[in-house]
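Me: I would like to learn how to read a structure like this one, feature by feature. Please show it and take me through it.

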Amino acid sequence: VERINDLMLDVQHSVALQRRFVADAAHQLRTPVAGVRVLAQELQQELKDSGGEVTPGLLRELVASSERMGRLVSQLLNLARSEAALRGAGAELPPVDLVPIVREAAEPLALRASRLGRHVALHAPMQTCRARAHPVWLGEAVANLLDNALRHGGPE
């Protein structure tokens with residue numbers, strides 16, 4: 001029994017170290033990733049303003065990749081924060097209204113879809129739709145689904 005207890009303590013310690021690493025790494029990556037994204041966007045604007053010759057697809061991919069890196073870092077930070085909050089709440093998720101969470105997650109992607117000539121619409125019930133869910137994780141899941149649909153879906 002003592003050996004199993006020691007092993008469980010070792011596992012808990014390892015998990016805590018891993019969580020701390022993810023949180024620290026995401027926090028440290030946020031600044032350089034944001035810098036790369038800003039520089040890529042500035043280069044794109046500068047070349048557009050000067051009429052410079054550059055492979056537009058290559059620059060578009062650079063900007064898109066830097067934006068994806070930024071989203072990934074944000075997701076890692078949100079995961080670290082929400083896991084800490086969940087541990088502090090005793091792992092009991094309160095019921096939340098899903099519609100505002102889904103709407104907030106979908107809004108930025110709906111704007112992006114519009115720029116791409118696509119349409120995103122939320123058809124939600126008028127009454128409250130509640131479920132036991134973590135609002136941050138649910139928002140991230142919806143945003144990821146829509147982002148994947150926009151990037152990998154068909155033209156419709």
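Me: What is the mean pLDDT of the protein, and where is confidence lowest?

Reply: pLDDT is the predictor's confidence in each residue, from 0 to 100. Where pLDDT is low, the predicted coordinates should not be read in detail. Here the mean is 80, and 89% of the residues reach 70 or more. Confidence is lowest in H2, with a mean of 75, and highest in strand S1 (residues 95–97), at 91.

Me: How many helices and strands does the protein have, and in which pattern?

Reply: Helices (H or I, at least four residues) and strands (E, at least two) are DSSP runs, numbered from the N terminus. The protein has 4 helices and 2 strands, and along the sequence they follow the pattern α-α-β-α-β-α.

Me: How should I read burial and surface for the whole protein?

Reply: Buried means under 20% relative accessible area, exposed over 50%, and partly exposed in between (1.4 Å probe, protein chains only). Of the 156 residues, 19% count as buried. Accessible areas come from the Shrake-Rupley method with a 1.4 Å probe, and for residues only the protein chains shown count as cover. The accessible surface comes to about 11,300 Å², with 60% belonging to carbon and sulfur atoms.

Me: What share of the contacts joins residues 24 or more positions apart?

Reply: Contact means heavy atoms within 4.5 Å. Among contacts in the protein with a separation of 6 or more, 83% are between residues 24 or more positions apart.

Me: What volume does the largest pocket have, and which residues lie nearest its centre?

Reply: On a 1 Å grid over the protein atoms alone, a pocket is an open set of points with protein on both sides within 12 Å along at least five of seven lines, and lining residues have an atom within 4 Å of a point. Grid points are joined across faces, edges and corners, and a volume is the space filled by probe spheres set on the points. The largest pocket has a volume of about 540 Å³. Its lining has 15 residues, and Arg60, Ala64, Glu67, Arg112 and Leu116 lie nearest the centre. Helix H2 (56–88), helix H3 (98–115) and helix H4 (135–152) each supply at least two lining residues, with the largest share, 7 residues, coming from H2.

Me: How is that lining divided by class?

Reply: Ala, Val, Leu, Ile, Met, Phe, Trp, Tyr, Cys and Pro count as nonpolar, Asp, Glu, Lys and Arg as charged, and the others, Gly among them, as polar. The lining of the largest pocket has 4 nonpolar, 1 polar and 10 charged residues.

Me: Now the second largest pocket, please.

Reply: The second largest pocket has a volume of about 390 Å³. It is lined by 16 residues, and Arg71, Ser74, Pro108, Glu140 and Ala143 are the closest to its centre. H2 gives the most to this lining, with 6 residues. By class, the lining of the second largest pocket has 4 nonpolar, 5 polar and 7 charged residues.

Me: Is Leu77 buried or exposed, and with which residues is Leu77 in contact?

Reply: Leu77, in helix H2, counts as buried because its relative accessibility is 8%. Beyond its neighbours within four places in sequence, Leu77 is in contact with Ala23, Ala26, His27 and Arg30.

How values were computed
Residues are numbered from 1 along each chain as its sequence is written. This is a predicted model: local features need pLDDT of at least 70, side-chain atom pairs count only at pLDDT 80 or more; totals for chains, interfaces and linings use all residues. Side-chain values use heavy atoms; hydrogens and water are left out. On a 1 Å grid over the protein atoms alone, a cavity is a set of points where a 1.4 Å probe fits but cannot get out, and a pocket is an open set with protein on both sides within 12 Å along at least five of seven lines; lining residues have an atom within 4 Å of a point.
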